[in-house]
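Here are some notes to read alongside the model. Have the sequence at hand and go through the points in order.

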Amino acid sequence: ATPSTADDVLDAIEAWSAETEPAAYLGFVTIRPIVQSPIGATFLKRPEPASKDFVHAQDRFPVNLAGWRLYIEATPFMQQDNAVGACAQAAIWMALRTLRWREGRSALNPAQITSSATRFFVSGRTLPNRQGLRLEQITEVVRSAGYSPHLIQLRSQPEIQEGDFDATSQASVQQKLYPYVESGIPVLLALTPSSGGHAVVVIGHRWNSGGPDPGVQGQYWQRRNTEFIDASAWARPFLIHNDNTGPYLELPALPSAGEYALQHAAWAIPLLPAEILVDAAEAKTACLGLVTALFASETFKWPAQVVTRMRLLPRAKFRETICQSEKIDSLKRYFRMKWLPSYIWLLECYGLDGYSQATEGQARKIAEVLLEPNADPLDGHFLCAVAHDGLLAGDASAPLVVDRDPFEGDIKLLLMS
């Protein structure tokens with residue numbers, strides 16, 4: 001916290017509580033009487049976005065201190081406790097604790113995580129569980145905690161052991177992880193170097209204004225005369241909580257001096273809400289197909305290169321963002337009034353020019369698509385699509401909306417004048 005204004009601890013806490021500056025309280029660390037891993041439940045202030053560290057998997061937690069209520073924006077951290085578990089239990093605890101208030105579900109303690117993981121599949125001693133957890137056991141914990149255990153293979157073990165991790169391989173892994181990380185969903189990452197397996201939690205990313213590596217295969221999606229570039233090219237390196245080394249750390253692409261690296265990433269398990277039926281890869285394919293098909297006529301002028309950003313957003317968060325950022329009143333009213341499910345997949349398309357300066361507000365959105373993630377595609381999960389002025393030919397400046405009635409299925413065009 002800021003320097004104390006009193007020698008008495010209670011007076012200092014009261015002074016900090018009365019601070020108008022939100023940076024006054026930096027959080028707390030719990031110390032356990034364990035020699036090798038003394039750091040228990042820890043909530044430390046996340047890095048500021050101004051430093052181009054974007055920690056999306058975090059929340060605002062209340063803390064009661066000597067009769068005063070303080071708040072901390074953080075991603076919970078903990079070292080593993082070998083009496084009840086290993087790195088996997090610590091990673092699962094951090095992920096579940098991050099979502100506790102947001103999702104309204106309970107966060108299991110490490111012992112409960114071990115018990116849940118070994119309920120149906122046991123590969124060694126249940127307690128102490130020093131040998132760690134298998135993927136099947138991790139997914140069982142995720143399921144029993146009320147989330148959808150979506151298991152994503154990033155790289156095969158032979159690929160990891162070969163040691164080759166070129167720019168194309170890195171781009172492929174980044175694209176698979178990015179939509180979940182950008183959505184604020186904690187992602188459990190299984191790392192399998194030759195020295196032994198390890199589990200960490202991916203919580204955010206840094207901003208790399210250099211953008212995509214030229215000529216990297218798999219970086220682009222070609223449609224007619226337009227290249228669609230995934231926004232993950234700018235979101236690197238990823239940020240992780242690593243129970244071995246600390247919170248808010250970079251995960252480098254390549255290992256150095258025995259470090260864990262993205263090259264070692266074998267499997268990812270994002271903690272998706274249980275009602276989500278369409279994953280990120282399926283949603284992106286559907287949205288790209290929709291936006292290019294709906295806006296394919298000569299009325300729309302697609303740039304040669306377009307950046308795509310995919311996110312899963314709660315309805316309330318999406319509308320909050322619209323209220324804060326949308327400048328067209330009629331479009332803002334449309335999104336606020338339209339029926340939306342509890343979550344939406346959102347694909348945003350930006351012109352490449354200026355996107356490297358997106359953190360300074362220079363990115364220009366040209367189109368977006370909303371998809372219902374808990375509907376069967378055969379029944380229709382398309383909600384709406386918007387063409388902004390940068391996509392419209394001629395002097396047109398008002399956004400054009402392709403709206404689908406979610407109950408009747410009727411499609412209509414709306415000009416947001």
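Where is Ala-66 found?

1. Ala-66 is in the loop between strand S4 (59-65) and strand S5 (68-74). Ala-66 has a positive phi, near 55 degrees, and is not a glycine. With 49% relative accessibility, Ala-66 counts as partly exposed; the scale is buried under 20% relative accessible area, exposed over 50%, and partly exposed in between, with a 1.4 Å probe and protein chains only.

2. A word on the source before going further. This is a predicted model, where local features need pLDDT of at least 70 and side-chain atom pairs count only at pLDDT 80 or more, while totals for chains, interfaces and linings use all residues. Numbering runs from 1 along each chain as its sequence is written, and side-chain values use heavy atoms, with hydrogens and water left out.

3. Now the overall picture. The protein has 9 helices and 20 strands, and of its 417 residues, 49% are buried. Take the contacts (heavy atoms within 4.5 Å) between residues at least 6 apart in sequence: 64% of them join residues at least 24 apart. The exposed surface comes to about 19,200 Å², and carbon and sulfur atoms supply 51% of that; the areas come from the Shrake-Rupley method with a 1.4 Å probe, and for residues only the protein chains shown count as cover.

4. What about empty space inside? Rolling a probe the size of a water molecule over the atoms shows where it is left. The search of the whole structure turns up 3 cavities of 30 Å³ or more. A cavity is a set of points, on a 1 Å grid over the protein atoms alone, where a 1.4 Å probe fits but cannot get out; lining residues have an atom within 4 Å of a point. The largest cavity has a volume of about 60 Å³, volume being the space filled by probe spheres set on the points, which are joined across faces, edges and corners.

5. Which elements give two or more residues to the lining of the largest cavity? They are helix H2 (87-103), helix H4 (135-144), strand S8 (187-191) and strand S14 (265-273). Among the lining residues are Ala-88, Leu-135, Ile-138, Leu-188 and Trp-267. The lining divides into 11 nonpolar residues, no polar and no charged. Here Ala, Val, Leu, Ile, Met, Phe, Trp, Tyr, Cys and Pro count as nonpolar, Asp, Glu, Lys and Arg as charged, and the others, Gly among them, as polar.

6. After H4 comes Gly-146, with a positive phi near 100 degrees.

7. Next, the stretch around S12. A cis peptide bond, with omega about -5 degrees, joins Arg-236 and Pro-237, and Pro-237 sits in the loop between strand S11 (226-230) and S12. Asn-242 lies in S12 (residues 238-242) and is buried, at 6% relative accessible area. Leaving out residues up to four places away in sequence, Asn-242 touches Phe-77, His-198, Val-200, Leu-249 and Tyr-260.

8. Tyr-248 is another non-glycine with a positive phi, about 55 degrees. Tyr-248 is in strand S13 (residues 246-251) and buried, at 14% relative accessible area. Pro-252, in the loop between S13 and S14, is partly exposed at 23%. Neighbours within four places in sequence aside, Pro-252 is in contact with Glu-259, Tyr-260, Ala-261 and Leu-262.

9. How many disulfides does the structure hold? The count is 0, a disulfide being a pair of cysteine sulfur atoms within 2.5 Å. For Cys-287, the nearest cysteine sulfur is that of Cys-349, 8.8 Å away. Cys-287 is buried at 0% relative accessible area, and Cys-384 counts as buried at 0% too.

10. Last, a residue on the outside: Arg-333, in helix H9 (residues 329-337), counts as exposed at 57% relative accessibility.

Technical notes: Helices (H or I, at least four residues) and strands (E, at least two) are DSSP runs, numbered from the N terminus. On a 1 Å grid over the protein atoms alone, a cavity is a set of points where a 1.4 Å probe fits but cannot get out, and a pocket is an open set with protein on both sides within 12 Å along at least five of seven lines; lining residues have an atom within 4 Å of a point.
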